[in-house]
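Hello,

Here is the structure I promised to pass on to you. Have a look at it first, and then read on for what turned up in it.

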Amino acid sequence: MLSPSLTSVKSHPLKKRIYFLVKLVCFVSSVLIFCEFFIYYVVIFQCRWPDVKGGAHTANEETSASVLKAMFLADTHLLGEIKGHWLDKLRREWQMERAFQTALWLLQPDIVFILGDVFDEGKWDSPQAWADDVRRFQKMFKYPVTTELVVIVGNHDIGFHYEMTTYKVHRFEKVFNFTSGKLITRKGTNFVLVNSVAMEGDGCTLCRTAEAKLMVLSHRLNCSQQEPNHPEKKCSDGEKPPASQPILLQHYPLYRKSDAECSGEDAAPAEEKTIPFKEKYDVLSQEASQKLLWWFHPRLILSGHTHSACQVLHAGGIPEISVPSFSWRNRNNPSFIMGSITPTDFSLHKCFLPRESRVFAIYWAAGALLVILVLAHFQLLTPPFYFAQRLISKHKAA
């Protein structure tokens, strides 16, 4: 029979090993929780809603309650069953879900707009694949009753013009309650939603329908901005939207030659900036762009599609903001736009999400530290490291 002293000696190394294992588990868990959860809070917490004149607390201006807090993001590209690897899906969808839910919790926007290409393979999806994509989207981008979500169609959702069919368009409209030429008015601000894929201008059935709705809406908005005693056009006595210049929301950008004039850390790479854009593929045609500007005279245009940031001024000084992709699959530094908007003014601020390269750097550093700790514990370090460890241990014991 073993004596109590011998049992104590044998159990002592076992306790040390268990204690060391617990420390390793805690270390690894802490790194995972930070990189996959808390990092989104740390980064997005630094974002603030921009100030706008309508938010100033003065007697002559609107109160902050009349300022609409709107978030704009684009090109989430949820992977499908054809090209999407399960591990890539898992990683990208977790990232977007955590970023979106954290932003909702911290920033509490009134409304969120997604500017098209919600899905990567919507243009190819079978009914079963479409249902699965929609289910995953609704899980990732769920939102509270205090927030409204508005989704705009993109070419990956219904296909480019030559792939677009009535079935695909209606399928998207049914899920997201979207129609081209739809007007959304919130806190006195008018938003015009455009199916830019249908702005081909070739007279196809879907294109004619979309343009007809836009023309009717243009007439309504123009009537709302006319002075009662000086009507320029015959306007009905029906309900008119607020007399506020609209904000145009669509997937394709208006026509521009390239991204050569774009700047910023999330603009297109230098080697891609000077590549000419193809009309009706990379951007809208010049004709379609002129139509939208002429019909609506918007005070701001927001679009997606290019996956990179850009700000351009169109004729009349009308600004257009291209919103970068929200997916880490398309960018190392995704972002979204925060807008403080009133019927007469707006102010925008970009909120960047965690850089994936920094997350990987944290994982590499943690992995290297983990290896050193294990080697040190089992005294397997090379002599210099082992000598330094012994010096540290003696210093602590002194």
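Helix H3 (residues 127-140) holds both Asp132 and Arg136, which sit 4 residues apart, about one turn of the helix. Before going further, please keep in mind that this is a predicted model. Asp132 and Arg136 form a salt bridge, and their closest N and O atoms are 3.2 Å apart. Are these two partners buried or exposed? Asp132 has 27% relative accessibility and counts as partly exposed, while Arg136, at 9%, counts as buried because the cut-off for buried is under 20%.

Side chains of opposite charge can pair when their charged atoms come close. One such case is Lys187 with Asp110, where the closest N and O atoms are 3.5 Å apart.

Next come Arg91 and Glu356, whose side chains meet in a salt bridge of 3.8 Å, N to O. Where in the chain do the two lie? Arg91 belongs to helix H2 (residues 86-107) and Glu356 to helix H9 (residues 356-377), so the pair links distant parts of the chain, 265 residues apart. Glu356 has a relative accessible area of 9%, and is therefore buried.

In total, the count comes to 18 salt bridges. Some of them share partners, and these join Glu36, Asp88, Arg91, Arg92, Arg329 and Glu356 into one network.

Now to the strands. In a regular strand the side chains alternate between the two faces of the sheet. In strand E7 (residues 300-303), Leu300 and Leu302 point one way and Ile301 and Ser303 the other way, and all are buried.

Which strands does E7 pair with? Strand E6 (residues 247-249) is joined to E7 by 3 bridges, and the two run parallel. Strand E9 (residues 318-322) is also joined to E7 by 3 bridges, again running parallel.

Conventions. Residues are numbered from 1 along each chain as its sequence is written. This is a predicted model: local features need pLDDT of at least 70, side-chain atom pairs count only at pLDDT 80 or more; totals for chains, interfaces and linings use all residues. Side-chain values use heavy atoms; hydrogens and water are left out. A salt bridge is a side-chain nitrogen of Lys or Arg within 4 Å of a carboxyl oxygen of Asp or Glu. Buried means under 20% relative accessible area, exposed over 50%, partly exposed in between (1.4 Å probe, protein chains only). Two strands pair if DSSP finds at least two bridges between them.
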